[in-house]
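Have the structure open while you read.

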Amino acid sequence: MRRKVALLFGGRSAEHEVSILSAGNVARALDPDRYAVTPIAIDKETGAWRLCPALAAGEAPAMGQDGPLVAFLPGGGGRLAILSDAAALSEPFDVVVPVLHGPNGEDGTVQGALDLAGVPYVGSGVVGSAAAMDKDVAKRLMRDAGLPMIVPFLAATARRPVSYADAAAALESRTLFVKPANMGSSVGVSRVTDPAQFDRAAAHAFGYDEKILIERAVPQAREIECAVLETPEGELRVSPPGEIAPAAAHGFYGYDAKYLDPDGAALLIPAALDAARADRMRELAARAFAALACAGLARVDLFLDPADPAGIFVNEVNTLPGFTAISMYPKLWDAAGLAPPALMDALIAHALARHARAV
Ligand code: ADP
Ligand code: MG
Ligand code: MG
C-alpha cells in the first residue's frame, strides 16, 4: 500500500525560494511505488496553504495560486479541511514532510499545527525546532549542557540595544558577526569591523527579527558540517564531517555564495581532518542534537579555528537542512552509502515510529 505523503513547501520566510528547490529534490527522492505525494504550497506573502495536484513520478512541485485553501484539522488525524466554496475533508495523510526553512516552518510553528492535527511528521517537534531556530536560545542550551566552545556572543533587542564599542569590548574582538536570531541561509548576516558597519548591520538584521545576535568572529574559520539522523529506535547516526570552502571572493559563506554563485563554495566530502578531530566533531554534533531536543534529522555546523588546534566551535543546528542539489545534508549521507531515496525512507520510518510512541 502506498503511503499518503503531504509535502509542505514554500513558506512565509526569506528562505521560501530555497525551500522550493529543496522540495523538488525531496519529491524526486520519494519512491513513487511506495509514496503518493501531494504537495501543499505555502504562500510567501500570506502564509496560506494551498493544495496542489498529486505529483506524477519524478515531477517537482511548483507554487500555484489557484488550488483550494487547506488547513490540517485539529484532531483530524491527518485530514485536511478543504476550504473552497463548500468545505470538505480530504482522506487522511499518513505522514507530512515539512520542507520549510527558517521562521514559520523550521521554528516549531508548523510542527505545533501538525501536533494539534495528530499527524506524524518528519523531523523535530515544537521544542527542538524552536530551540534550534533561535540562535540565542540554542547557544544558551548548548552552554548549559556543557558543550565546550560556544563562540562568545551577545543578544540585542530594540529595548536592550548594544553598541559596537560595548560588543567589541565584551567579546574581545573588533571583528564581529551580526545576524538575526531566527533566520537561516545567511539571510541578514554581516561581518563588521567598525561602528558604522555595525550600525548598518544591526539595522539590516533587525529587518528580519526583533532579536539579533552579535558574535566574536572566528578568524579564517573552516566550516565543518555533520549530518545527524535518528533511527526509528531513537539512536543517533552521525555522518563523517564535510567541509564548505567558500570562494575567496565571498569572504564568508553568505547567501550569494550559498545559492546564487554556482562557484560560490566547494563541498569537500569528507572534510580533510585527522581522525581524532573528525571523531570529536561527530561527538559534539550528537551532543548538540540532544541538547536542543532535536528529533529525526539535523545538520550540525561547526567552525574550526585553523590557528588553534583546540578551537572547535558548534555554530548552529539546522533542523530542516537544505535538500537542494548542492546541499550538504543529502550529500553527506549519500557519501556514507545512504542515497536520497533510502534517506527519505529512514526519515519517514522515524516519523511514524515517533508518532506511534507518542500516541
Ligand atoms: P545561518 O543560519 O544563516 O546559516 P550562520 O550563523 O551559520 O547563520 O552564519 C552564516 C555564515 O556566516 C556562516 O556559515 C559563516 O560563514 C559566517 N559566520 C557566522 N558567524 C560567524 C562567526 N562567529 N565567525 C566566523 N564566521 C561566521
Ligand atoms: Mg542556519
Ligand atoms: Mg549556517
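The buried residues of α8 are M281, R282, L284, A285, A288, F289 and A291; "buried" here is 20 or more other C-beta atoms within 10 Å of a residue's own, with C-beta atoms placed from the backbone. This is a predicted model, where local features need pLDDT of at least 70, side-chain atom pairs count only at pLDDT 80 or more, and totals for chains, interfaces and linings use all residues. Residues are numbered from 1 along each chain as its sequence is written, while chains are lettered from A and ligands numbered from 1 in the order in which they are written.

**Helix α8**
- α8 spans residues 275-291, 17 residues in total, and reaches 24 Å from first C-alpha to last. That is close to the 24 Å expected at 1.5 Å a residue (1.5 Å times one less than the number of residues).
- Helices (H or I, at least four residues) and strands (E, at least two) are DSSP runs, numbered from the N terminus.
- Its buried residues pack against α4, β12, β13, β16 and β17, with contact taken as C-beta atoms within 7 Å.
- After α8 comes A293, with a positive phi near 55°.

**The four-stranded sheet**
- The open sheet runs β8-β11-β9-β10, with antiparallel pairing (a pair needs at least two DSSP bridges).
- At the edges sit β8 (153-157) and β10 (190-192), each pairing on one side only.
- β8 and β11 (residues 211-216) pair over five bridges, and A155 has L213 as its bridge partner in β11.
- Helix α6 (residues 195-206) packs on the sheet, touching β9, β10 and β11. The direction of α6 makes about 20° with that of β9 (axes are lines fitted to C-alpha atoms, for helices over the stretch in contact, and angles run from 0 to 180 degrees between N-to-C directions).

Note on methods. A residue is buried if 20 or more other C-beta atoms lie within 10 Å of its own, exposed if 12 or fewer, and partly exposed in between; C-beta atoms are placed from the backbone. Two residues are in contact if their C-beta atoms, placed from the backbone, lie within 7 Å.
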